[in-house]
Amino acid sequence: MRLYHDADARPNILEGKVIAVIGYGNQGRAQALNLRDSGHQVIVGNRADAYAARAKADRFAVHPISAAVSLADIVLLLIPDEVMPEVFASEVAPRLRHKCVLVFASGYTVAFGLITPPLIVDVILVAPRMVGAGVRERYVEGRGAPAFIGVAQDVSGQARAYTLAVAHGIGATRAGVVEVTFAQEAELDLFTEQCFGPAFGHVLTSSVDLLLTEGYPPEAVLLELYMSGEFAYTLEKIAELGMVEQATLHSTTSQYGSMSRGIRFQLPELREKLREGLREIRSGAFAREWAAEQAEGAPTLTMLREAAREMPLTALESELRKELGAAATSEQPVTVEPTGERTLAQRRRLIARLQHLVSRIARRAGRGAVMDPPSETAEGPTAMARTGASETAHPQAPLSESLRPEPSPALGRATLERVLGAFLDDATADRALQAFAQGRSITTVYRMTDTDLAFSLRFAEGKVEGALGAPEAGAEVALSMTTETLDGMLSGRLNPTRATLAGDIRFDGDARTALTVQRVQKDLIRLYSAARTRTMG
Ligand code: NAI
């Protein structure tokens, strides 16, 4: 393992060179200020917007992007990856001078072929492993943020030296830099965002859901798991001391418990899912999908954002953050004291408000009141908090439960089969679905987990085919859920994206295709509701 530090860099290679920082956002501002404070000659290239004004206020000479590129020996491209290919083609590439150095802070656009720099320039990578504010803050503190560095094209014969010098100028070599390829940087970054992060997120939401279902007070659950800041502190210590050594900061009960029980979570299926995610990234499938999504105006992203914002956990967090006020954001981790007059009153108020909030969310989801009204007596919520799982009659609605629709007692297997038969017949003849099927080829299979029923919908070449039973093979999307969830989803009482995020719908197959099918969700609801009413009278 090799990390490069200040002593490995030759910053004087940048002497007399003009460095143009293109973009003055998160990374642009931090890197421009750090490079200037390191004694280099920095100009900013930016379109006329608020970022340009900020750069001027920070006393930089600000030029239009193409003019800044013309003036520069070193060009740092620090605008969003999504807009970079277009800006590069129109404003950067035509102005690049022979043997100038093109610096990327992310390998994405080059690794996935969205930008192919001309062969007359050095192409290097200096990619901080830290948000821009952190890059600046740490530099000012004298520490610096670590970075990945790399060389994709070496025309000058000095590309590596330039890489280390730029890393030195932004403070990264103070902390240490690691050499990687552009592809490795991009793939690692995407893996963290698409696999490690979401897998971890699901562990968190499953834990919150389980503990609320078991009757633990919401504010205690959220504080215990992450909102106290203790977990963030532990992660910091893991980074500082290593996984094993940081454990010595915890009690021996904690050490024994976590190590002896930890093996339970070595799930082969999880590893397979992580591998699947990595495969998608490395093959370029994700980059192609994301480019196509952006070209369409990012409708899927909008849908996902809306669904995620409506998750009850988001509302609970926001309520708890408000209640905790500045305390939760202060540097000191917040602890919940079970005794003490002030804390007791705060806890009681908080629990009452959270109960009210969860009730409201559940009512909106069509479930009606799901919990007892909060007690105002001294023995009320506090007593509840103390009683634990066995004595508490589920006073809090579980997150996923608050999303579930009213059960449909009338919908037995035979009835459902009739409703589905009518629904699939209508779907086959429906104009809106046929229009959706133009130019597509998608098969979705729906499986009920509480009966052996399944059905499929195929949209292909302008035709819609619906059939009871699962196709032998070839479905791009498979959704598994209970009859109650299916009925809720197709009756419009349950948002399928939210239900999937909450774990009520299990999904296998191609995520983008599944989300594309949601564009006709309204039509499916229309057809199913009509078939349901007709069949059931
Ligand atoms: P940002 O979103 O903060 O960029 C804002 C800047 O881009 C502004 O100066 C704005 O004028 C300019 N801009 C936006 N749209 C434009 C357009 N259509 N035409 C011309 N200029 C436009 O960008 P951020 O987050 O600093 O990312 C810059 C690069 O740094 C990217 O390659 C990113 O992957 C990389 N990076 C970002 C990190 C972060 O913390 N955000 C961390 C490490 C790398």
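In the predicted model, an oxygen atom of the ligand lies 2.6 Å from an N or O atom in the side chain of D81. Taken alone, the ligand exposes 830 Å², of which the protein buries 80%. The side chain of R47 places an N or O atom 3.3 Å from a nitrogen atom of the ligand.

Just after α2, R59 takes a positive phi of about 65°, although R59 is not a glycine. R59 is located in the loop between α2 and β3 (62–63). With a relative accessibility of 66%, R59 counts as exposed, because the threshold for that class is over 50%.

A positive phi, near 50°, is also found at E461, a residue other than glycine. E461 belongs to the loop between β10 and β11 (463–468). The relative accessible area of E461 is 62%, so this residue is exposed.

Beyond residues up to four places away in sequence, D37 touches R136 and Y139. The contact with R136 includes a polar one between the two side chains, at 2.8 Å. The C-alpha atom of D37 is separated by 8.3 Å from that of G169, a residue 132 positions away along the chain.

K237 is placed in helix α11 (residues 230–241). Its relative accessible area is 15%, so K237 is buried, the limit for that class being under 20%. When residues up to four places away in sequence are not counted, K237 touches G242, Q246 and L249.

Over the whole chain, the secondary structure comes to 26 helices and 13 strands. The chain has 537 residues, of which 43% count as buried. The chain exposes about 27300 Å², with 54% of this area supplied by carbon and sulfur atoms. Among contacts with a separation of 6 or more, residues 24 or more positions apart account for 70%.

In soluble globular proteins, nonpolar side chains tend to be buried together. In the present model, the largest nonpolar core has 35 residues. The members that touch the most other members are L420, F423, Y446, F455, L457, F459 and L486. Two or more residues of this core come from each of the helices α21 (413–429), α22 (431–437), α23 (483–490), α25 (511–517) and α26 (521–536). The strands β9 (441–448), β10 (454–460) and β12 (477–481) likewise each give two or more residues. Helix α21 gives the most to this core, with seven residues. F423 is in contact with F455, L457, L490, L524, L527, Y528 and A531, leaving aside its neighbours within four places in sequence. Another core, of 34 residues, lies apart from the largest one and includes L35, A55, V101 and A172.

Terms used. Residues are numbered from 1 along each chain as its sequence is written. Side-chain values use heavy atoms; hydrogens and water are left out. A polar contact is a pair of N or O atoms within 3.5 Å; within protein, one must be able to donate a hydrogen and the other to accept it, and residues adjacent in sequence count only if both atoms are side-chain atoms. Accessible areas come from the Shrake-Rupley method with a 1.4 Å probe; for residues, only the protein chains shown count as cover. Contact means heavy atoms within 4.5 Å. Helices (H or I, at least four residues) and strands (E, at least two) are DSSP runs, numbered from the N terminus. Buried means under 20% relative accessible area, exposed over 50%, partly exposed in between (1.4 Å probe, protein chains only). A nonpolar core is a set of buried Ala, Val, Leu, Ile, Met, Phe, Trp, Tyr and Cys residues joined through side-chain atoms within 4.5 Å.
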